[in-house]
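Subject: Structure handover

Hello,

Here is the structure for your files. My notes on the helix packing and the ligand site follow below it.

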Amino acid sequence: MGVVNVTPDSFSDGGRFIDPKSAVDRANALIAEGADILDIGAESSRPGAGGVSVEQELSRLMPVLEGLRDCAVPISVDTVKPEVMRAAIAAGASMINDIGALRAPGALETVAGSHVAVCLMHMQGEPHTMQQSPSYRDVVAEVGAFLEERVTAAMAGGVARERIVVDPGFGFGKTVAHNFELLRNLDRLAALGRPVLAGWSRKSTLGAITGRGAEDRLAASLAAALLAVERGARIVRVHDVAATRDALQVLAALEGRT
Ligand code: HH2
């Protein structure tokens, strides 16, 4: 899954693709690099980010979706807002990537009333404050129980099981130790029976262990993507598609999947 952030403030590519044409060009470049899915986001969820209004998010997002109407791969839209979900689905999105796991009023009903896929992600707290003091008794058990509860709620609300993907939400209300505890035990989340999506690309945990800035975390991001797939992730959300594909080819060859 290749990431395009149509935002001025995303932590690694903020401001680069805020103009619709540059975002569409970036999306097409990621498809050419081999992305199987594109994830388009118009609101940053980086730690400390302030929210944007529905109008602002739509004004960034819709011209990009319009420009990608005939694109060759499914489009996922990264949003927590039901109004944005509705507009994105009407514009042809195939998936809603919700870091709030459909907890906003009206979000679950919006997805249930469509045929799109959905990613349910775990987050402790809100982006504005989530990294202030993340705390768990047992991070793997708690994240697993939350995802199980959200899958059950989504299904009870009318979302077919086959449409659901789960994500532990690396970096969302988690310390470096929490992120690695989750990575180490990703197979336990895969045991929930839904495909697991993992987003490690360029994240600050990788900066914490390598001492590198967001632009210099490619090698660490590739290692994390590989370790996640080895532990059961089925989708990796990345900024660097070509390099990630190459890294995953090595694992596929090792496992006899080429
Ligand atoms: N990470 C980010 C945003 N959306 N969605 C899912 N499902 N999983 C993730 O790990 C995830 C996500 C944060 O990364 P990015 O989009 O690059 O930055 P920002 O939120 O600052 O736009």
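Predicted model: local features only at pLDDT ≥ 70, side-chain atom pairs only at ≥ 80, totals over all residues.

The α9 side of the contact consists of Leu 218, Leu 222, Ala 225, Leu 226, Val 229 and Glu 230, and the α10 side of Ala 243, Thr 244, Ala 247, Leu 248 and Leu 251. Sorted by class, the residues of this contact are 9 nonpolar, 1 polar and 1 charged. As for geometry, α9 covers residues 218-230 and α10 covers residues 241-254; their axes come within 10 Å and cross at roughly 40°. That angle makes α9 oblique to α10, since angles from 65 to 115 degrees count as roughly perpendicular and those under 35 as roughly parallel.

Next, α2 and α3. Helix α2 (residues 54-67) packs against helix α3 (residues 82-90) at an angle of about 15°, and the axes are 10 Å apart. The pair is therefore roughly parallel. The crossing of α2 over α3 is right-handed. From α2, the residues Val 54, Glu 57, Leu 58, Leu 61, Met 62 and Leu 65 take part, and they meet Glu 83, Val 84, Ala 87 and Ala 88 of α3. This contact has 8 nonpolar residues, no polar ones and 2 charged ones.

The handedness of the crossing is right-handed. Val 139, Val 140 and Val 143 are the α5 residues in the contact, facing His 178, Glu 181 and Leu 182 of α6. By class the count is 4 nonpolar, 1 polar and 1 charged.

Now the ligand. Which of the 18 residues around the ligand come nearest? They are Ser 10, Ser 44, Ser 45, Asp 167 and Lys 203. For three of these residues I have side-chain distances to the ligand:

- Ser 10: an N or O atom of the side chain is 2.4 Å from an oxygen atom of the ligand.
- Ser 44: an N or O atom of the side chain is 2.7 Å from an oxygen atom of the ligand.
- Asp 167: a polar side-chain atom lies 2.6 Å from a nitrogen atom of the ligand.

Regards

Notes:
Residues numbered from 1 in each chain as written. Heavy atoms only, no water. Left-handed = near helix turned anticlockwise from the far one by under 90°. Helix = DSSP H or I, 4+ residues; strand = E, 2+ residues; numbered from the N terminus. Contact = heavy atoms within 4.5 Å. Nonpolar A, V, L, I, M, F, W, Y, C, P; charged D, E, K, R; others polar. Near = heavy atom within 4 Å. Polar contact = N/O pair within 3.5 Å; in protein donor to acceptor, adjacent residues only side chain to side chain. Axes fitted to C-alpha atoms, helices over the stretch in contact; angles between N-to-C directions. Parallel < 35°, antiparallel > 145°, perpendicular 65-115°, else oblique.
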